[in-house]
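I opened the model to look up its strands, its core and its helix packing. My entries follow in the order I made them.

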Amino acid sequence: MGCVFCEIIQGRREAHFVYRGERVVAFLDKYPLYVGHTLVVPVEHYRDVTDTPDDVLAEMFALAKKLVVALRKSLGAPGVRLVVNNGAAAGQVIFHVHMHVIPYGVEKAWRRPLDPEEGERIARRIRDALQGA
Ligand SMILES: [Zn+2]
């Protein structure tokens, strides 16, 4: 079906994971706005929030909450924005529902493609911080 996020979750495409749960995962955005820009994604494929079960949305939000703490701790981000784009008109590009967890007050990344080494280094810092969150 050609979904980039399903391919990442199934291990057929590379990404820097910061969390892997049974129903929800998180990995770094490949084109980050700011260093540490993370995506929270359900394992099951849903198009947007309207077809995602409430309990899955709740898990996504609970993980995003932990990521806010982890991004403050690991990257020193004073602010973190949580965003879900629903529909192309709202800026949704990948039609597998996801929440952007974007740290602010850290280095701006300008949507340049994530360098693999940098990605792994940042993902490790966030993973370590998540374990304590
Ligand atoms: Zn998908």
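Which residue in E3 does Val25 stand opposite? I looked it up: Val25 faces Val41 in E3.

Two notes on the ground rules. I number residues from 1 along each chain as its sequence is written. The model is predicted, so I take local features only at pLDDT of at least 70 and side-chain atom pairs only at pLDDT 80 or more, while totals for chains, interfaces and linings use all residues.

**Entry: strand E2**

I take helices (H or I, at least four residues) and strands (E, at least two) as DSSP runs, numbered from the N terminus. I call a residue buried if 20 or more other C-beta atoms lie within 10 Å of its own, exposed if 12 or fewer, and partly exposed in between, with C-beta atoms placed from the backbone. I checked which way they point. Val24, Ala26 and Leu28 go one way, and Val25 and Phe27 go the other. In a regular strand, side chains alternate between the two faces of the sheet.

**Entry: pairing and sheet**

I count two strands as paired if DSSP finds at least two bridges between them. E1 (residues 17-20) pairs with E2 in the antiparallel sense over 3 bridges. A hairpin of 3 residues joins the two. Phe17 stands opposite Phe27. On E3 (residues 38-42), E2 has an antiparallel partner over 5 bridges. There I found Pro42 as the bridge partner of Val24.

I then traced the whole sheet. It is open, has 5 strands in the order E1-E2-E3-E5-E4, and pairs antiparallel. E1 and E4 (79-83) are the edge strands, each pairing on one side only. The twist averages 15° from one strand to the next. For angles I use axes fitted to C-alpha atoms, for helices over the stretch in contact, and read 0 to 180 degrees between N-to-C directions.

**Entry: helices on the sheet**

For contacts I require C-beta atoms, placed from the backbone, within 7 Å. Helix H3 (residues 116-131) lies across E1, E2 and E3, at about 40° to E1.

How do H2 and H3 pack? Their angle is about 120° and their axes are 8 Å apart. H2 and H3 are therefore oblique, since that word takes whatever is left after under 35 degrees (roughly parallel), over 145 (roughly antiparallel) and 65 to 115 (roughly perpendicular). The contact residues include Leu67 and Leu71 of H2 and Ile126 and Ala129 of H3.

**Entry: the core**

I define a nonpolar core as buried Ala, Val, Leu, Ile, Met, Phe, Trp, Tyr and Cys residues joined through C-beta atoms within 7 Å. The largest one has 31 residues. Ala26, Phe27, Val40, Leu67, Leu71 and Val101 have the most contacts inside it. H1 (4-9), E2, E3, H2, E5 and H3 each supply at least two residues. H2 gives the largest share, 7 residues. I followed up Val40. Leaving aside neighbours within four places in sequence, its contacts include Val24, Ala26, Leu63 and Val101.

Most residues other than glycine have a negative phi. Trp110 has a positive phi of about 55°. Arg111 has a positive phi of about 65°. I placed Trp110 in the loop between E5 and H3, and Arg111 lies in that loop between E5 and H3 too. Are they buried or exposed? Trp110 is exposed, with 9 other C-beta atoms within 10 Å. Arg111 is partly exposed, with 13.

Terms used: Contact = placed C-beta atoms within 7 Å.
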